[in-house]
Amino acid sequence: MPDNVLNVEGVFKKFFRGELFNSLRDLVPAVANRWMRRAGKRDLERREFWALRDVSFIVKQGEAFGIIGANGAGKSTILKLLTGIMKPTAGMIDVRGRISALIEVSAGLHQDLTGRENIYLNGAILGMTRDEIRRRFDAIVDFSGLEQFIDTPVKRYSSGMFARLGFSVAAHVDPDVLLVDEVLSVGDYLFQRRCLERMHSIIRSGATVVFVSHNLREVAQLCQRSLLLEQGQVEAIGPTDEIITAYYKRAQRPRSNGINGNDSNVTITKVTVHDDQGPRMEFKSGGKLYVTIEAYARSRCDDMSVVIAVVDDLQYKFFDTCTQRLGADAITLERDQTLKCTFEMDLPLAEGTFHVHAYLHRYLTGAYDRWFSAATFFVTGAPEVRGIVTLHPKLKTCHVSPTPDEDSVGMSSSDLLGM
Amino acid sequence: MLSNLQEIYNRRDLLYILTWREITVRYKQSIMGMLWAVLMPGIIIFAGLIVRYAFANASGKSLAISDLTSVAVKAAPWAFFVSSIRFGTTSLISNTNLVTKIYLPRLVFPLAAVSSQFFDFLISAGVVLSILLLAGTEWSIQILWVPVIVGTLVTMTMALAVIFSAASLFFRDVKYIVEVILTFAIFFTPVFYDSAVLGPWSPLLLINPVSPLLEAMASVVIHHQAPSFVWLGYSIAVAGCLFTVAINLFNRLDPYFAECI
């Protein structure tokens with residue numbers, strides 16, 4: 001049984017809202033106050049709040065573990081406690097081995113030093129010895145793609161180059177435990193790809209990874225198990241797919257109204273995804289999806305059409321349609337009238353999480369009302385494809401030519417398929 | 001305390017590189033470059049010469065060459081002490097980014113500040129050495145005390161830098177208090193004069209633990225006499241205690257650094 005590399009047990013972390021006393025003259029009243037009231041460790045004083053409350057989890061050797069949750073749920077605080085930047089107010093954190101964080105990887109860079117000097121500086125700050133840096137220097141420069149500018153002071157770098165230099169150094173620290181917090185948004189597409197590949201290779205080399213991100217697809221790709229945090233508390237721990245589903249089911253979706261949202265004459269009141277039985281969130285790839293949109297008019301609106309769009313988890317809109325394009329006449333609603341319309345769609349989609357945007361659109365003048373991410377659904381049952389859609393692939397032939405010297409022993413296609 | 005020092009030892013490359021960063025950054029984009037290391041002790045020596053000359057005039061004695069060389073010998077360590085404390089005090093605040101974002105043994109910041117000043121001290125020591133050679137100062141076996149004296153001074157300086165760096169992280173006032181004290185401390189320390197000037201009151205001056213070190217320095221290099229064991233012992237004891245207290249205090253406060261900075 002693999003060892004527990006990270007052991008977090010009953011961790012509490014309390015933060016102070018507002019300013020701390022920062023001068024000696026503020027200290028006296030503050031100390032007197034504390035002494036008079038003698039608050040316990042787990043009690044909250046005025047202006048304090050819990051960033052984490054009773055958080056426990058275990059990460060095993062070689063595992064990739066995801067932490068997801070909304071902004072302010074306490075994800076970054078957990079990482080800061082794991083690295084040792086902060087200490088928990090109560091509870092225990094046990095880390096085995098060298099821990100390295102791809103967090104704030106550029107914090108160690110110094111503006112006045114050159115790229116070359118900064119590689120040594122940042123490397124030492126992130127925990128490498130001079131010898132290790134010297135040995136990996138060429139690999140680091142190569143990874144960053146900054147050969148030409150390696151002797152330029154980094155204050156002359158663009159912000160992208162700056163971030164790339166920092167990340168390249170951090171990516172070459174050999175950690176036992178790697179903590180990653182949304183750094184993959186560094187640099188251009190090619191560099192991001194390189195970062196992801198590097199992370200995969202670190203995972204393959206047997207390191208333990210803790211990955212914090214809002215990009216749930218990346219979490220799903222990297223991590224087998226995940227933790228869902230909500231307002232500083234553990235909501236669920238389990239297989240990443242289930243946790244992501246739980247996250248979407250729990251997430252309170254605030255109506256994000258359009259530009260003319262509030263004073264609009266007509267409002268989308270309800271958007272549901274369902275099948276012919278009733279509302280549901282999980283759909284089979286290749287099945288049918290129904291989206292029903294209800295709206296209410298406060299005053300007369302004319303020349304309307306209902307638009308729906310489907311986006312993937314990265315908000316890429318790969319599909320939209322509307323009532324007008326589907327052959328319906330322009331809709332006119334009188335005061336206090338309601339509208340209900342249902343779309344039926346096929347689902348030639350790959351497995352993943354998708355969101356439905358709904359708009360009430362007026363020809364020429366634009367939107368009446370819009371509701372982004374009004375509903376979320378999951379597609380399952382297409383393990384053979386990845387991406388957004390399934391093109392329903394079938395394997396026609398897969399034949400390997402016989403080796404020239406031993407042409408009697410050819411590998412048949414069935415052998416290959418069995419691999 | 002041992003575990004702290006162990007951690008610093010394990011990350012000695014970090015200490016080395018941070019020290020190197022302090023030195024490199026200080027001399028980048030500056031015309032005088034390394035000359036700056038000589039400038040500060042140079043000014044102190046020059047001021048000392050004027051004070052000495054005034055003393056000699058007032059008392060009607062003639063100015064001996066040993067008076068001048070002893071000022072030079074005391075000025076270099078004093079300049080090291082003052083600038084180390086000054087940079088050490090702000091060493092954590094000026095690295096806020098690293099304190100709050102990356103985990104490091106934070107003790108390296110004040111230690112690197114002192115080490116980088118020690119580098120300057122070595123340069124100015126070279127200058128003082130050439131002054132002594134020019135002045136035709138003789139040498140004696142007493143010179144072997146110098147490593148002990150310098151070692152004590154460095155320990156004491158590190159201890160104070162560590163304490164002040166942590167204190168100023170919590171209270172910015174500390175920075176100003178330290179600045180004021182450093183400005184006037186030269187009057188409480190026998191840099192320009194010898195403690196003997198005060199006659200029966202001289203022990204009062206030697207309570208300042210830096211004073212016996214400077215006196216001992218002048219004594220072994222210029223006057224070829226063994227230092228006062230009582231006072232040197234006192235300084236060593238103070239340095240040892242301060243260092244222990246500093247490391248333990250720093251260790252206790254360390255968990256609060258990232259939140260309180």
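**Entry 1: helices α3 and α6 of chain B**

I looked up how helix α3 of chain B passes helix α6 of chain B in this predicted model, and I noted a right-handed crossing. By definition, a crossing is right-handed if the near helix is turned clockwise from the far one by less than a right angle, and left-handed if anticlockwise. Helix α3(B) covers residues 35-59 and helix α6(B) covers residues 108-135; their axes come within 8 Å and cross at roughly 65 degrees. Axes here are lines fitted to C-alpha atoms, for helices over the stretch in contact, and angles run from 0 to 180 degrees between N-to-C directions. Helices (H or I, at least four residues) and strands (E, at least two) are DSSP runs, numbered from the N terminus.

I then listed the residues that meet: Ala37(B), Val38(B) and Pro41(B) from α3(B), and Asp120(B), Ile123(B), Ser124(B) and Val127(B) from α6(B). Two residues are in contact if their C-beta atoms, placed from the backbone, lie within 7 Å. By class, I recorded five nonpolar residues, one polar and one charged in this contact of α3(B) with α6(B). Ala, Val, Leu, Ile, Met, Phe, Trp, Tyr, Cys and Pro count as nonpolar, Asp, Glu, Lys and Arg as charged, and the others, Gly among them, as polar.

I also noted the conventions: residues are numbered from 1 along each chain as its sequence is written, while chains are lettered from A and ligands numbered from 1 in the order in which they are written. As the model is predicted, local features need pLDDT of at least 70 and side-chain atom pairs count only at pLDDT 80 or more, whereas totals for chains, interfaces and linings use all residues.

**Entry 2: helices α4 and α10 of chain B**

I turned to helix α4 (residues 65-90) of chain B and helix α10 (residues 210-221) of chain B, whose axes come within 9 Å and cross at roughly 145 degrees. The crossing of α4(B) and α10(B) is right-handed. On the α4(B) side I found Ser70(B), Val73(B), Lys74(B), Pro77(B), Trp78(B) and Phe81(B); on the α10(B) side I found Val210(B), Leu214(B), Met217(B), Ala218(B) and Val221(B). The residues of this contact are nine nonpolar, one polar and one charged.

**Entry 3: chain B as a whole**

I counted twelve helices and zero strands in chain B. Its radius of gyration is 19 Å, close to the 18 Å that the globule rule gives for 261 residues, so chain B is as compact as a globular protein of that length. The radius is taken over C-alpha atoms, and the rule is 2.2 Å times the number of residues to the power 0.38. Along the principal axes, the C-alpha atoms of chain B fill a box of roughly 60 × 45 × 35 Å. I noted that 41% of its 261 residues count as buried. A residue is buried if 20 or more other C-beta atoms lie within 10 Å of its own, exposed if 12 or fewer, and partly exposed in between, with C-beta atoms placed from the backbone.

**Entry 4: strands of chain A**

I found nine helices and 18 strands in chain A, and 34% of its 419 residues count as buried. I followed strand β13 (residues 301-311) of chain A, which is joined to strand β15 (residues 331-333) of chain A by two bridges in the antiparallel sense. Strands pair if DSSP finds at least two bridges between them. Met304(A) has Ile331(A) in β15(A) as its bridge partner.

With strand β17 (residues 352-362) of chain A, β13(A) pairs antiparallel over eight bridges; there Val306(A) has Leu360(A) as its bridge partner. Five bridges join β13(A) to the antiparallel strand β14 (residues 317-322) of chain A, where Thr321(A) stands opposite Ile308(A). β13(A) and β14(A) form a hairpin with five residues between them, and Gln315(A) in the turn has a positive phi of about 65 degrees.

**Entry 5: Ala101 of chain A**

I located Ala101(A) in strand β5 (residues 99-102) of chain A. Ala101(A) is buried, with 27 other C-beta atoms within 10 Å. Leaving out residues up to four places away in sequence, Ala101(A) touches Leu79(A), Thr83(A) and Leu179(A).

**Entry 6: where the chains meet**

I recorded 24 residues from chain A and 22 residues from chain B in the contact. On the side of chain A that touches chain B, α1 (24-37) and α3 (115-125) of chain A each supply at least two residues. The most come from α3(A), with five residues.
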